[in-house]
Amino acid sequence: MAARAALLILLAVLLFSGVVRGNAAGSCSSMSFPSNRVYAACSDLPRLSSSLHWTYEGGKGFGSLSFAFVAPPPSQSGWVSWAINPSGGGMIGCQALIAFRQPDGAMGVKTYNVTGYGPVSEGPIAYETSDLAAEFTGGAMRMFGKMKLPEGTTVVKQVWQVGAEVVDGVPQKHDFKPENLESMGTVDLLSGGISGAGSSASRSKNTHGILCVVSWGVLLPLGQIFARYLKTFKSADPAWFYLHISCQMLGYVIGVAGWATGLVLGNKSKGIVHTNHRNIGITLFTFCTLQVFALFLRPNKDHKYRLYWNIYHHSIGYSVIILSIVNIFKGMDILAVEQKWRTGYIVAICILGGVALILEIITWTIVLKRKSGKPKERPTFHV
């Protein structure tokens, strides 16, 4: 009964283990701009409901790029940014233009050479700029300008971003939601082709989440259910042991794959550290590895140290289950998944808990019946 219920739970969790993906909204071709600003090409960017409009003209020694970047900031006092990164595809090295409301209340655009993950400082960038301007209309900020690019430039690596706050004229850090972390890619200034770097990152995050939910969140609890309850039935011996070992080993292998995927994601996300999620993940990996080695050191049933081994084995096992559930919810917070996926996992955990509770009652009923059914020894009287 426990195995059948757990298999149904596994299928349910697999169905509920998706994450939300951001989609671009609106059509850039329907936008019009003031001051007779007209652009030859435009593209709806895949993140942050933003769009890029541009006209590119090649010349001797340099290329001239006229552009408009449109995005809704998280708040009216926020900021929007568009940048070209000549050295890579991330934040470091960005030659950024940031539009926000200036201290006098007017919209303006400033230039920033981003050299680190701390607060940005206004300064010159690698490209000559002119005609920088910005406006705030219809809930979106529009940033305009011209930029001189090196001769022969046809494809550039772009990074765009939005933030909620500006303090004393300094844009503050943006959110770390998937949309914010994946707002980068390339743009072909001649053909108009746009590619996003977020698709592979999203797949990696989804893979990491699914592997961890299936392993730590389903297979390991299922293996404990087999060990805790099936061994009560004499007919299930030694089948319960092999089911327990199979679930635990399969969960460990899949969990290690998910853990390794998380390490790769961490190395790629420089400057972004989810300390609690990372530390719990390392602890889970350590505990599960200890459980695997403990299997080879298991004393015989009648050995004097078997009691202590059982205490250790059970304590680590239940600790893994609790930490797994906590860390899965922390991972959902990091991925900012929709509520329906969170609800789905809660339902799966409740079903597992309900199955365990029912089997706990059945187990104690059987144990008590066996104790009451044992023949009592009659006292012997000697004369």
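This is a predicted model: local features need pLDDT of at least 70, side-chain atom pairs count only at pLDDT 80 or more; totals for chains, interfaces and linings use all residues.
Student: Hi! Where do the five strands of the open sheet sit, in what order?

Tutor: The order is 1-2-3-8-7, and the pairing is antiparallel.

Student: Which ones are the edge strands?

Tutor: Strand 1 (41-44) and strand 7 (129-137) are the edge strands, each pairing on one side only. From one strand to the next, the twist averages 15°.

Student: How many bridges are there between strand 3 and strand 8?

Tutor: There are 10 bridges between strand 3 (residues 62-71) and strand 8 (residues 140-150), in the antiparallel sense. For a pair to look at, take serine 64: its bridge partner in strand 8 is lysine 148.

Student: And what holds paired strands together in general?

Tutor: Strands of a sheet pair through backbone hydrogen bonds, either parallel or antiparallel.

Student: OK, on to strand 5. Is it largely enclosed or largely open?

Tutor: Strand 5 (residues 95-101) is largely enclosed by the rest of the structure, because six of its seven residues are buried.

Student: Which strands are joined to strand 5 by bridges?

Tutor: Strand 4 (residues 79-84) is joined to strand 5 by six bridges, and strand 6 (residues 107-113) is joined to strand 5 by seven. Both pairs run antiparallel.

Student: Which residues stand opposite each other there?

Tutor: Isoleucine 84 stands opposite glutamine 95 of strand 5. On the strand 6 side, arginine 101 faces methionine 107.

Student: What do strand 5 and strand 6 form?

Tutor: They form a hairpin, with five residues between the two strands. Glycine 105 lies in the turn and has a positive phi of about 95°.

Student: New topic: how many salt bridges does the structure hold?

Tutor: The structure holds five salt bridges. One of them joins the side chains of aspartate 131 and lysine 146, at 3.6 Å from N to O. That pair links distant parts of the chain: aspartate 131 is in strand 7 and lysine 146 is in strand 8, 15 residues apart.

Student: Is lysine 146 buried or partly exposed?

Tutor: Lysine 146 counts as partly exposed, because its relative accessibility is 37%.

Student: What about glutamate 135, which residue does it form a salt bridge with?

Tutor: Its partner is arginine 142, and the closest N and O atoms are 3.4 Å apart. Arginine 142 is buried, with a relative accessible area of 16%.

Student: And what is the partner of arginine 342?

Tutor: Arginine 342 forms a salt bridge with aspartate 333, with 3.0 Å between the closest N and O atoms. At 17% relative accessibility, arginine 342 counts as buried.

Student: Which residues does UniProt annotate as "transmembrane region"?

Tutor: The unreviewed UniProt entry gives that annotation to residues 208-227, 239-260, 280-297, 309-329 and 344-368.

Student: What are residues 208-227 and 280-297 made of in the model, helix or strand?

Tutor: Residues 208-227 are 100% helix and 0% strand, and their end C-alpha atoms lie 27 Å apart. Residues 280-297 are 94% helix and 0% strand, with 26 Å between the end C-alpha atoms.

Student: Last one! Which residues form the nonpolar patch on the surface?

Tutor: Tyr305, Leu307, Tyr308 and Ile311 form that patch, with about 470 Å² of accessible area together. Tyrosine 305 is in the loop between helix 5 (275-296) and helix 6 (306-335). Tyrosine 305 counts as partly exposed, because its relative accessibility is 46%.

Terms used:
Residues are numbered from 1 along each chain as its sequence is written. Side-chain values use heavy atoms; hydrogens and water are left out. Buried means under 20% relative accessible area, exposed over 50%, partly exposed in between (1.4 Å probe, protein chains only). Helices (H or I, at least four residues) and strands (E, at least two) are DSSP runs, numbered from the N terminus. Two strands pair if DSSP finds at least two bridges between them. UniProt positions are given in the numbering used here, feature names are shortened, and annotations may be inferred rather than shown by experiment. Axes are lines fitted to C-alpha atoms, for helices over the stretch in contact, and angles run from 0 to 180 degrees between N-to-C directions. Patches are made of residues with over 30% relative accessible area and no salt bridge: like charges are joined within 9 Å, nonpolar side chains (Val, Leu, Ile, Met, Phe, Trp, Tyr) within 5 Å. Accessible areas come from the Shrake-Rupley method with a 1.4 Å probe; for residues, only the protein chains shown count as cover. A salt bridge is a side-chain nitrogen of Lys or Arg within 4 Å of a carboxyl oxygen of Asp or Glu.
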